Amino acid sequence: AHCGFFWEVSEDSIDKVIETNFLSQAYIIRVFLDDLMCKEDAHIMNMSSCLGLFELKKQSLYIASKNAVKGFSHALYYELKHTGVRVTVSYPGAVSTNIVKNSIPPIGYEKGEGKYESIAKGLDAKKVATVIIKGVAKNKRDIIIGQDTRMAIVLKKLFPKTYVDKLHRIVDMEQ
């Protein structure tokens with residue numbers, strides 16, 4: 001992940017974010033797809049993010065990569081609709097992982113700094129995995145995970161022109 005204005009992102013960061021978040025999923029699917037299509041029942045589950053559903057400043061690159069996952073997954077869903085392969089894409093909100101620890105910190109923050117590190121607090125990863133497994137078992141095309149994601153969806157529906165400003169205030173990214 002990278003947090004910051006797009007013009008502050010290095011070409012190396014662009015490559016790393018796109019390769020990690022989108023291309024890795026596409027390449028893995030490509031490797032196994034022929035075998036999956038030979039099965040009567042198979043399932044592909046791609047990981048997007050709640051930011052694959054929304055727009056926020058200082059997240060343009062991450063959002064682009066997660067939108068790529070969403071668009072790819074939905075197109076693949078229709079391409080494979082008449083086969084035994086199902087496709088699901090999940091949109092978790094904040095999950096307690098090492099994403100912030102391993103990301104490039106936004107301008108003005110250092111790794112380990114309290115306010116920046118608080119962004120990493122979120123849902124338990126095991127609980128998120130359980131929700132995903134249950135969604136895949138039900139052949140859901142999309143799995144929305146977390147109250148933060150649901151709240152943002154409601155904000156987007158209620159305030160389509162101003163929800164981004166409201167989200168920025170909530171996640172304290174106004175600087």
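Two residues are in contact when they have heavy atoms within 4.5 Å of each other. With that in hand, here are some close-ups of this predicted model.

**View 1. Helix α1 and what it packs on.** α1 covers residues 11–37, which is 27 residues. From first C-alpha to last, α1 reaches 36 Å, close to the 39 Å expected at 1.5 Å a residue. There's a bend of about 45° at Glu-19. Look for the buried residues of α1: Ser-13, Val-17, Asn-21, Phe-22, Gln-25, Ala-26, Ile-29 and Leu-33. These buried residues pack against β1 (42–47) and α2 (60–79).

**View 2. Helix α2 and its partners.** α2 runs for 20 residues and reaches 28 Å between its first and last C-alpha, close to the expected 28 Å. Its buried residues are Leu-61, Tyr-62, Ile-63, Ser-65, Lys-66, Val-69, Ser-73, His-74 and Leu-76. Together, the buried residues of α2 pack against α1, β1, β2 (85–92) and β3 (142–145).

**View 3. The largest nonpolar core.** This core has 16 residues, and the ones with the most contacts inside it are Leu-51, Phe-54, Leu-56, Tyr-163 and Leu-167. Elements giving two or more residues to it are α1, α2, β2, α5 (147–158) and α6 (163–171). The largest share, three residues, comes from α2.

View 4. Which residues does Phe-54 touch, leaving aside its neighbours within four places in sequence? They are Ile-63, Thr-149, Ala-152, Ile-153, Lys-156, Tyr-163 and Leu-167.

View 5. Are Cys-38 and Cys-50 buried or exposed? Cys-38 counts as exposed because its relative accessibility is 69%, and the cut-off for exposed is over 50%. Cys-50 counts as buried because its relative accessibility is 14%, and the cut-off for buried is under 20%. As for disulfides, the structure holds zero.

View 6. The protein averages a pLDDT of 86, and 83% of the residues score at least 70. Confidence is highest in β1, at 97, and lowest in helix α3 (residues 114–117), at a mean of 49.

Terms used:
Residues are numbered from 1 along each chain as its sequence is written. This is a predicted model: local features need pLDDT of at least 70, side-chain atom pairs count only at pLDDT 80 or more; totals for chains, interfaces and linings use all residues. Side-chain values use heavy atoms; hydrogens and water are left out. Helices (H or I, at least four residues) and strands (E, at least two) are DSSP runs, numbered from the N terminus. The expected span of a helix is 1.5 Å times one less than its number of residues. The bend at a residue is the angle between axes fitted to the seven residues ending there and the seven starting there. Buried means under 20% relative accessible area, exposed over 50%, partly exposed in between (1.4 Å probe, protein chains only). pLDDT is the predictor's confidence in each residue, from 0 to 100. A nonpolar core is a set of buried Ala, Val, Leu, Ile, Met, Phe, Trp, Tyr and Cys residues joined through side-chain atoms within 4.5 Å. A disulfide is a pair of cysteine sulfur atoms within 2.5 Å.
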